[in-house]
Amino acid sequence: MAELPMGKGVSAGKIASNVQKKLTRAQEKVLQKLGKADETKDLAFEEGVINFNKQLAEGTKLQKDLRAYLAAVKAMHESSKRLQKCLADMYEPEWYGKDEMDSIVEDSDLLWTDFHQKLVDHALISMDTYLGQFPDIKARIAKRDRKLVDYDSARHTYAAVNKSKKKPTSLLERATPGWAQGILSAHNVAQTSLSRNQAEEELERAQKVFEDINVDLQEELPSLWNSRVGFYVNTFQSVSGLEEKFHREIGKLSQNMYDTLEKLENEDMSRKADNGGGMKSTAQRSDRTQDANHTLSPGGPPAIPKSPSKLKPAVPPPPKVTPSKDLKPENIINLFDEASTPGISVTSPTQYDAPGTSNLLDMDLDALQAATTPVATNPQTWDSWEAAEGAPATEETAAAAAAATAEDANGTTEVEMPPNFIYKVQAMHDYVASDTDELEMKTGDVVLVVTYDIPDEQDEGWLMGVREADWLQMKDLNKKGVFPENFTQKM
């Protein structure tokens, strides 16, 4: 019969002893589950084991997620590197900022590499070190459980030996001569004492082994449980600090790239303009940039809507101009009496539905004061002027306003207003038209406001009109368009 192979330093007696221990432990556990034997309990230690298992599970999950995060950073690095390399390859040598663009691409690659390496050094390695202490403690907890079973088994054996009763007289004892009875009795007593001594020694040995392991774990488990807070803080502080620094530096590189590309665009536009091509204005480029939600350069002017149907003006309407402090109230009223309105032809009271037919601030005040012959047949008062200004425009008033005439700056030429004319406004800001149906204005331009051809198409905050200079020159409404009301001031 072939002998069982044994490893170096392992004897047959050692193997037999281990097998005997496993059998004894199995028997003890069965008796404990059946309630035939009591089991030593330590509730504080059991709670520590529960916390240990929870801490190990949390740490293992954190390590897994951290590795996944690092893999995502590496993948993002590779994607960013390929994308920027594509830009660098397409960037022609004669374009503006070629050297700077190459430097930005190189610095970006180095920044991603440094970010990934520091995450490994300050987070992942620390995580691996933290989890490295759990397997040893877990093995010692399992060993303590085995030694506790051995201790309980030795304790039960010792108790059973002490409670054993005297064995009944055997046939050998009965057949033994009288003179040999004493010798046999002494032998039995010696055998019983030996069993008790062996049971006591085994109990003491099992108790010592168990207590040595138990004491160490009673100290280590609470300490390990309390260390998790500091470890989590250090780990996430490292990650967040590295992220903050990386995003700050990569943001600077992104801003530099954006500025370089913007200068390249400006240079390209200038070259096209020199070659006869059109060039978009700075305001249009600002529009496009803000529409794309890209605001790398904060603090600029507000965006101008591209279409009345999409966006409404963001700037609140400016306050109306009040009369100068040097102009006394009585002088303001005198501007509208009979002796102060030379050359104004009044056809009907409804003409004041369009009070903007002449700019009073532009009129020659010296000429007004020198005039003595009234022309108006229906003198107006301040109250009637305000009532007319506030009245809504109707078909009748619009028709009357279209036939109304007013003097120019020299007070000699009569000006015919366009059909459906309402009032005048003056541009307070430059407005660059971005669509064909919009009216482009410069600061100071006078615009004649007219009604919409289809009233339902009017959007809130937008007006329809034609520049006064275009109307005086062309006498048609082909150049009329919509414009934001808050860029103008009613005259």
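## Overall make-up

Among contacts in the protein chain (heavy atoms within 4.5 Å) between residues at least 6 apart in sequence, 70% join residues at least 24 apart. The model is a predicted one, in which local features need pLDDT of at least 70 and side-chain atom pairs count only at pLDDT 80 or more, whereas totals for chains, interfaces and linings use all residues. Residues are numbered from 1 along each chain as its sequence is written, and side-chain values use heavy atoms, with hydrogens and water left out.

The protein chain holds twelve helices and seven strands, these being DSSP runs numbered from the N terminus (helices are H or I, at least four residues; strands are E, at least two). Of its 491 residues, 31% count as buried, where buried means under 20% relative accessible area, exposed means over 50%, and partly exposed lies in between (1.4 Å probe, protein chains only).

## Surface

The protein chain exposes about 31600 Å², of which carbon and sulfur atoms supply 56%; accessible areas come from the Shrake-Rupley method with a 1.4 Å probe, and for residues only the protein chains shown count as cover.

I15, V19 and L23 make a nonpolar surface patch of about 250 Å², a patch being built from residues with over 30% relative accessible area and no salt bridge, with nonpolar side chains (Val, Leu, Ile, Met, Phe, Trp, Tyr) joined within 5 Å and like charges within 9 Å. I15 is found in helix α1 (residues 12–33) and is partly exposed, with a relative accessible area of 37%.

## Salt bridges

Side chains of opposite charge can pair when their charged atoms come close. A search of the whole structure finds 19 salt bridges, each a side-chain nitrogen of Lys or Arg within 4 Å of a carboxyl oxygen of Asp or Glu. In one of them, D128 pairs with R67, the closest N and O atoms being 3.3 Å apart. Because D128 lies in helix α3 (residues 98–131) and R67 in helix α2 (residues 43–90), the pair ties together parts that are 61 residues apart in sequence. D128 is partly exposed at 29% relative accessible area, and R67 is partly exposed at 41%.

Another salt bridge joins K98 to D102, with the closest N and O atoms 3.4 Å apart; being four residues apart in helix α3, the two are separated by about one helical turn. K98 counts as buried at 16% relative accessibility, while D102 is partly exposed at 30%.
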